[in-house]
Amino acid sequence: MEIHVFVWMLFIKSLNITTCSAFFPNVWSKIISLSWTSRTHQNITEEALLIITKQVFQTVPNFQGKTLGSNYSEQQLTAIQLFQAYYGSPMVSTKNYWHAVNEIVRANAAMDFVSSTRSNPILHFDSERIQEANDLLFKSRKQIIDSIQAGDFKGAREKLGRVLHSLQDFYSHSNWIEMGFRKIHPKLLKSTEKVGLLAPENIQTCTDCDRFTCNNNILEKINKNNFLTTGYYGDDPKKPPGKCSHGGIFDESRHQSAKGGINKDTASFLFSPHNYLHEDAAHLATLATVATLEDLWNAVGNEAFLKLLNVLHHMVLCFVIDTTGSMFEEIDAARQRAISVIQERKGLYPETFLYVLVPFHDPGFGPVYKTTDPEQFIMFLNNLTSLSGGDEPEMCLSAIKLALENTPPLSEIFVFTDASPKDIHLQSIIEALIIKKGSKVTFLLTGDPSRNRKKRRALVPPNRYSVYTKLAALSGGLTLFTTNKEILHVSSVIQDNIANAKVTLLHLQLWSQGGTSSGIFHVDSTVKNVSIHLIGVVHNVILFSPTGKQQADSSGDLAFIERFDGFYRIGFKSPITLGAWKCDITYQGKVMMDVFGQSTVDFLHHFAVELEGNHPGLSVLESQPIAGIPTFILGSITGLPMDNSISLSDVVLQGADGQILQVLKLETMGLKGEFFAKSESLPDCLFSVKIIGTDKIGNIIERLSPGLNHVAQVLIKASSIPSLYPGQSTNILLNISNFGQTRDIAVTIGDDRQFVKSQSQKRYHISENDTVPVQITLETPSDAKVGSAVTMSIAVETKDKSDSNYAVLHLSVADPAVDVYPPLCSYHTESLCPLSQRECNHSSWTITLSFQNSKSIISRMEFRQGQGRLRLRGKSVDMWINIQMGQIVNLTRYSADELFANYISSCCSPTAVLILWDDIGNQGVCVVSALQPAATGDRQEAYKTLTLQMILLFLSPLYFWQ
């Protein structure tokens, strides 16, 4: 047994753990650590959200005036069962709901991954910082409510996820359960009153424990007198003698007096000395999470809470309309189509829509009209008038940007125009927003030269719509070329694309000078109302059913076929034969084939990497994945039945033309549809993600996410994301890393409220494996509403447009009277050390640091690790300091300055840890290293690290279970 444990510990130690600890972040953590029975932050949060959703459905009437009923009971609670029972419809999608849940869960898990939060004991109830942690929870609760009341539900979910992480940690890290309590703490998050008796600093709390599992190592007098204590982790802050450690194989403080530890993070003795109390801790953490959600519900009311859970508005109808003089027919078609949609949905689930309208012309665009009242939306459309004149081009991309910023994720946006874009400089920003939000953009283009519009033809290129085509393809939308005579008929694509529970079965982008292609797709037992859209010059269509029947014209037993100029619309007749269907087409030029239906079974996915940290886990990427490193496709399948009648087997990465690029084994993680698949290196061309499996009678199930992805060799990463304060300027530092050859790049920045005032530079010449800093300055107006949000999009693109990536930052306007955020440290590495430390005496490394705080002043800085020289720079200071470990630098006298520093150290001391304090006690941690981190730095080293871990992951269980 000893060798088994040793091998497994060797694997875990290869993760190079250095930070605080908590319940494991997500489901992947259990797999990599073999802690199968442990409950993670993800498990706890998802379970609590399902419980509160059930309570909401039992209390708040649906659109038909009905509630779920207090007698509803299911042994295993699932979202699809709740939604079907509440709305009384079998065809109900939970995809938007799970999108909101995932936002909360990802923010929760990120507390263990993000450098500014993972090492702060206050955020994890560590190191006996219990009162400070609760004070921060209470202040953060107000910020959540501010965001909800300002309509910033995304920001509220992210803040909620972070708060729930800290709250859940209390039950795992403190001795609350060891004192005998089996109910939640009554004061946590409710007020800033004393949370109870706290163990004094000079009193011993634990005795030595030399075993993995520690029983009764908390002193009896501590528990008997109800003194609250929590464990210390690592050496930040340094553990006083006799205090309890967090414990587990990651915690070096477990070797100091008092030895051992008290955490209940997992059910594994390797990670949690009090593993036998893990279930009790997880149970109370779940109850506390539910209680917090109930408190939030009571504070904001039914409607706002439903929006927070993303269950109120299931459908979005968004029009972006050109209002120049030649657009009369298009405006009328949009109006009639909207009326048709509204009438069609009356009395059906979901009847409620969010209606959005964005007009544009030249030089104007906007404003954004938003409403949930269908009559008001029709009034908005009726008030649109086609303006006289209007030379091509128009401000179309500016209007699309507004639409993307003002609609929820996964929306369908429809653009009516007959002009090319004037604001083509926004293309990269639009692409960033499309990818980030997962929204689809469909263009209905009526660029007929005979139309009565003044066009400067000499200035209009023949490929003037190529930007629209690219944006539609990237998003998984459509580009329809039609005429004013057929625009009303062609606009039927709108009703098809906003169907409830819509799923994509096949999406192909084809090109030929003249030829035939086939599209093969599978209809399973969960799919209804299948349709096909064919966009482009298609001469002939032949449908083949699974039984061999075929149909070659508009009349037949298989489908209704409508043909317009450049558009085929095919609707399958019921009942639909299950199995493999084929659609053969003869066509010329570019053609798009889109096959879709209605089903409760769908999926969401993200790209993720395995990061170093105190807990094994996968961190979701907030950008396009990086080329050449192992990457995970991490996702959740929505609408899975509980009877295991659906089995998923593979994740397929396929090109835009349907070519299979990679087939990856799909690994499920639990009963709620979580899955992952690993690619050692993602394809270097555009690709989409598809999942494959079988239903209960053996039919193949296929679901496609039609948006296109690509790998990048350039990465944007924000060093910190501070809050914004009314009337104040804020600087944000970005690091742009280049993993490709030396090249020129352009950085484009935009935001939805015009807060961005400047950026340090727009173009850079960047060497291979180099990183450059970009500083962005925002000015928040004094009348900015507290709780409101700013969406800032950053796109980086190489000069030859061969490579690009993006970042979309969600910034919140905070109450200046409440400062809950610790000081932040941003840095740029000037020079690195070689990976080998054999000749470290002959080399040094240099970094440039920038210190920031949200509102309070930074009062002092301590070097917890590192040895070198520091040059401190500001308006009133420029001095060199010889730095030793443990040295404290008083910064109060320079509080009015924007402080920078240059740090130089020998490569024999390749890591520095700085602790920053502000004048009200918030603490920030800055960890800098001369060795580039695996997740964002040296790809070869990342590959070696991951390979070692996966080899050990394979070998260790063989030893462990012998």
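What follows is a conversation about how a few terms apply to this predicted model.

Student: Why is H173 called buried?
Tutor: Buried means under 20% relative accessible area, and because H173 has a relative accessibility of 1%, H173 counts as buried. H173 lies in helix α8, which spans residues 153-173.

Student: What makes the pairing of the H173 side chain with the side chain of D126 a polar contact?
Tutor: A polar contact needs a pair of N or O atoms within 3.5 Å, and the side chains of H173 and D126 make one at 2.9 Å. The side chain of H173 also makes a polar contact with the side chain of D265, at 3.1 Å.

Student: How do you know that C206 and C244 form a disulfide?
Tutor: The cut-off for a pair of cysteine sulfur atoms is 2.5 Å, and the sulfur atoms of C206 and C244 are 1.9 Å apart. C206 lies in the loop between α8 and α9 while C244 lies in the loop between α9 and α10, so this pair ties together parts that are 38 residues apart in sequence.

Student: Why is the disulfide of C833 and C907 called left-handed?
Tutor: It is called left-handed because the torsion about the S-S bond of C833 and C907 is about -90 degrees. By contrast, the link of C206 and C244 has 90 degrees about the S-S bond and is right-handed.

Student: What puts the buried residues of α13 on the same side of that helix?
Tutor: In α13, residues 374-382, the residues F377, I378, F380 and L381 are buried. They cover an arc of only 155 degrees around the axis, which puts them on the same side of α13.

Methods:
Residues numbered from 1 in each chain as written. Predicted model: local features only at pLDDT ≥ 70, side-chain atom pairs only at ≥ 80, totals over all residues. Heavy atoms only, no water. Helix = DSSP H or I, 4+ residues; strand = E, 2+ residues; numbered from the N terminus. Buried < 20%, exposed > 50% of the residue type's maximum accessible area, 1.4 Å probe, protein only. Polar contact = N/O pair within 3.5 Å; in protein donor to acceptor, adjacent residues only side chain to side chain. Arc of directions from axis to C-beta.
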